[in-house]
Amino acid sequence: MKKNNVTALEPSTWPTWTVPALSAVAVILAITFIRDPFQQTIATTIAVYLIASAGFNVMSGYAGLMSLGHAGFMAVGAYSAAIGYRDFGWSMLEGIAFAIVISGLSGVLIALPALRLHGPYLAMVTLAFGLMVLQLATNFVGFTSGPQGVSIISPELVPGIEIGTNGIFVAVLISSCLVYLITRNLVATKWGRAFRALHSNDAIASSLGINVSRTRLIVFAFSAALTGLAGALLAYSFAYVNPDMFTFHASVMILAVAMVGGLGSPIGPVVGAMVLVGLNSGVFARTDYQHYLYGIALFVVAMFAPKGLAGFSQFTRWRKGSNGASSTQDATPGAVNAEEIAKVYASSRLQDRPQHGTIVLEASDLVKHFGHIKAVNGVSLRIRAGQVHGLIGPNGAGKSTVIDMLAGAQNQDSGSVVLGGTDVSRVSSYERLKLGLARTFQTGGLYPEFTLSENVSAGQHTQLKEPFLAALLGTRKIRRRESAAARKSLQLLDALGLRDGTTRKAGSLSYGSRRLLEIARALAAAPDVLLLDEPAAGLNPKEQAVLSTILKRLTHEGMAIILVEHHMKLVAEVCDEVTVLDQGTIIAAGPPTEVLESEEVITAYVGVPKTRGISVNE
Amino acid sequence: MNEPTQLLTVRGLTGGYGGPSVFQDLDFDIAEGEIVAVLGSNGAGKSTLLRALSGALPVREGQLSFRGKPIARTTSRITAQGIAHVPEGRRVFSGMTVVENLLIGQTGAGKRTALVLDDVWHYFPRLFERRASLGGMLSGGEQQMLALARGLMSKPALLMIDEPSLGLSPIMADTVFEIVDRLNRETGLAVLLVEQRIESALNLASRGFVLDRGAFTLSAPAAQLMSNDEVISKYMGV
């Protein structure tokens with residue numbers, strides 16, 4: 001289950017202040033008209049669950065890391081605030097800051113052992129965490145006062161100023177509004193893309209320059225901090241904390257709110273909290289049926305609106321017949337503009353280009369064994385700027401393993417890789433991207449739920465200077481950088497003949513167009529060295545000829561290209577040098593004309609042209 | 001007129017995903033024992049066409065009949081009627097052995113008699129050698145053979161093959177084409193072939209269609225297509 005449910009952000013024609021202004025109006029209306037204490041309690045609960053679910057949504061919705069223990073983070077936040085009050089007499093602002101820090105740290109604490117865990121294993125770890133926190137709160141009586149809990153009686157907002165119940169209510173509503181706005185800002189930046197990238201294969205994210213471990217830590221910390229904030233606000237609102245507030249039931253509630261509202265959509269927790277918590281504490285509060293409510297709500301959502309209520313609008317639009325495509329065909333091969341591609345590439349290259357002909361990537365004696373299978377057994381390659389180096393050989397010869405070792409996706413057993421003068425033998429893939437090496441994958445290298453343009457913008461991850469805090473605030477600078485990135489992405493897409501870049505999702509592309517999109521994404525990183533793993537698969541001879549024009553044009557700009565390919569015509573046309581692998585070793589190397597005619601290569605790989613004469617021509 | 005008996009008859013087929021139709025109003029027939037190639041540029045809708053025929057996508061409009069009977073609407077029933085689909089990119093079950101993959105294919109036959117493993121080994125000796133290996137451990141060429149063989153297990157009269165040469169070395173692609181050729185000659189298997197190695201496809205097929213902007217712009221015997229100027233300039237890039 002690697003489905004990324006994140007709702008794509010659509011280019012909005014509204015001014016940027018519209019949503020913040022509307023949110024502010026909603027908060028003011030709520031403060032003005034909700035006066036009755038019972039209604040205030042319901043509104044508080046909605047706001048608190050909105051925040052907690054927004055935190056959950058960051059981890060489970062965007063990053064796809066399913067958590068069953070978010071009430072644990074809520075408890076950490078609540079107890080931090082309460083104990084800060086009880087033992088140090090801290091004000092509400094101090095307590096909240098403390099709660100955010102401590103719950104964020106607890107997120108990191110869980111993340112560290114769970115860094116490599118996915119799916120059900122991660123869910124188990126978070127479940128255990130939630131239960132453990134509950135046990136500590138119940139049994140660690142000296143510190144938490146056990147089942148009787150800790151009270152917070154008339155706290156101060158800041159030292160010296162009392163806040164009062166109404167003030168707390170206002171603070172809770174404002175906080176929920178801010179949390180919605182910052183998560184909404186975040187999704188529209190490179191951090192949002194990086195979080196969503198965690199949904200898929202780590203190797204892909206890493207190849208785009210995303211430090212996967214670090215991003216996961218940030219996801220856990222941020223998610224836990226938000227949920228901890230919810231806990232602290234709950235503690236101030238109810239003026240006490242006790243373990244009963246953070247049972248497994250609360251974790252399920254947080255999850256249900258996000259699911260019903262729309263997992264992976266910033267507005268999801270808002271809608272979910274209003275609907276589910278509103279019904280739960282308002283309509284069903286005094287009945288015995290509230291437990292059934294979650295069940296039914298989740299069932300209905302799963303059946304009829306799998307993307308949640310917030311995703312429902314998208315779903316109905318889809319039903320009416322728009323999957324974001326304005327035309328049937330996803331690409332117009334005739335529209336490819338190699339000049340433009342080269343121009344975009346050249347303009348985004350920052351460093352001085354290596355001189356044509358200089359060695360930019362050198363692999364020496366690479367060895368990789370899987371058990372007793374010698375996948376790669378002593379392969380050396382020298383790749384020069386401004387040249388295309390073909391890497392061919394039978395299926396299973398070890399080509400993809402070589403590519404993986406060059407890109408840093410796999411570690412070699414022995415041998416070395418030097419990239420632009422730096423020994424990168426033990427350097428991870430995301431750092432190699434920063435040093436100028438980009439790659440494509442043979443299959444499944446794209447983010448199918450991202451739009452075409454988001455996919456290409458993901459390729460600009462390391463170039464985009466977007467500090468996390470600025471991304472949360474959605475500053476003007478961030479927005480400018482994002483729109484510049486989107487423009488560049490569209491330029492590349494356009495030049496490659498891929499249409500509907502802002503609306504079409506990558507998953508809807510044909511096989512051949514996916515290969516082109518991956519090339520666009522790799523080019524967006526402006527690499528010195530580009531590793532292409534079967535880029536012509538799914539392209540017909542004519543489209544291959546177009547690809548060959550693009551590759552040649554890029555080498556004029558000084559790019560070095562490694563081309564793994566099975567189409568001999570393309571290889572012969574575009575490569576300056578060809579290396580042939582068979583069973584993990586090099587059986588031939590040299591200019592394509594010589595290599596493709598050597599007898600050994602023909603028997604092992606090309607095949608003797610039969611009466612039908614098919615091989616060499618294609 | 002002594003036309004060969006029609007196996008598949010398609011009239012007015014319109015289909016696509018959520019948005020606009022990918023192809024509209026297609027008419028074509030496939031005769032018993034015939035190999036027909038579908039050509040077209042990347043993204044023209046060739047794979048979508050196969051998906052619509054195999055029931056993986058709902059048909060929007062059109063009459064489809066197979067051996068005179070209307071085609072069913074779900075993939076399992078269509079396979080039981082005798083149309084099997086070998087999807088693009090092989091899609092073998094990587095955690096299952098070769099034999100397990102094949103036996104899964106057998107269930108597609110429904111009430112008809114399926115192939116038995118021995119029939120497969122006859123055409124795919126390499127798979128016999130690898131029969132106990134997991135699908136994920138096979139090379140690309142072996143996986144493609146397995147995908148083909150799995151499709152054959154339901155003993156279809158029509159096999160729809162999507163890009164069998166995808167990611168295969170030239171020599172391995174030839175091997176796969178040869179197997180398809182032998183199956184066609186020796187068992188009378190009809191094939192609807194989508195393939196980007198156009199020359200190979202036209203060598204194998206007796207007829208071909210060109211799919212362009214959702215419609216068949218050309219339909220002719222393979223030899224004619226091979227020397228057709230439009231095909232050469234638009235798709236072969238010569």
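In which handedness of crossing does H1(A) pass H7(A)? Hold on to that one for a moment, everyone, and thanks for coming. Please keep in mind that what we have on screen is a predicted model.

So, to the helix pair. H1(A) passes H7(A) in a right-handed crossing. H1 covers residues 18-33 of chain A and H7 covers residues 164-187, and the two pack at an angle of about 165° with their axes 10 Å apart. That angle makes H1(A) roughly antiparallel to H7(A). If you want to find the contact on screen, look on the H1(A) side for Val19(A), Pro20(A), Ser23(A), Ala24(A), Val27(A), Ala30(A) and Ile31(A). Facing them from H7(A) are Val170(A), Leu173(A), Ile174(A), Cys177(A), Tyr180(A), Leu181(A) and Arg184(A).

Now a second pair, with another angle to look at. Helix H3, residues 70-88 of chain A, packs with helix H11, residues 248-261 of that chain, at about 110°, and the axes are 7 Å apart. H3(A) is therefore roughly perpendicular to H11(A). His70(A), Ala71(A) and Met74(A) of H3(A) make the contact with Ala250(A), Ser251(A) and Ile254(A) of H11(A). The crossing here is right-handed.

Let's turn to the core. Which residues have the most contacts inside the largest nonpolar core? They are Ile51(A), Ala78(A), Ala520(A) and Leu193(B), in a core of 257 residues. The element that gives the most to this core is helix H10 of chain A, residues 212-238, with 16 residues. Let me zoom in on Ala78(A). Setting aside neighbours within four places in sequence, Ala78(A) touches Gly231(A), Ala232(A), Leu234(A), Ala235(A), Val241(A) and Met245(A).

Next stop, helix H20 of chain A. H20 runs over residues 476-495, which is 20 residues, and spans 29 Å from its first C-alpha to its last, close to the 28 Å expected at 1.5 Å a residue. After H20(A) comes Gly497(A), with a positive phi near 80°.

H15(A) also packs with helix H22 of chain A, residues 541-556, at an angle of about 35°, the axes being 9 Å apart. H15(A) passes H22(A) in a right-handed crossing. Among the residues making that contact are Ile341(A) and Tyr345(A) of H15(A), and Ile550(A) and Leu554(A) of H22(A).

Last, two backbone details. Most residues other than glycine have a negative phi. Ser154(A), though, has a positive phi of about 30°, and Arg91(B) has one near 50°. Ser154(A) is in the loop between strands E1 (150-151) and E2 (156-158) of chain A, while Arg91(B) lies between strand E6 (83-86) and helix H3 (98-106) of chain B. Is Ser154(A) buried or exposed? Ser154(A) counts as exposed because it has 10 C-beta neighbours inside 10 Å. Arg91(B) has 14 other C-beta atoms within 10 Å, so it is partly exposed.

That's my tour; over to you.

Notes. Residues numbered from 1 in each chain as written. Chains lettered and ligands numbered in written order. Predicted model: local features only at pLDDT ≥ 70, side-chain atom pairs only at ≥ 80, totals over all residues. Core = buried A, V, L, I, M, F, W, Y, C linked by C-beta atoms within 7 Å. Buried ≥ 20, exposed ≤ 12 C-beta atoms within 10 Å, placed from the backbone. Helix = DSSP H or I, 4+ residues; strand = E, 2+ residues; numbered from the N terminus. Contact = placed C-beta atoms within 7 Å. Expected span 1.5 Å × (residues − 1). Axes fitted to C-alpha atoms, helices over the stretch in contact; angles between N-to-C directions. Parallel < 35°, antiparallel > 145°, perpendicular 65-115°, else oblique. Left-handed = near helix turned anticlockwise from the far one by under 90°.
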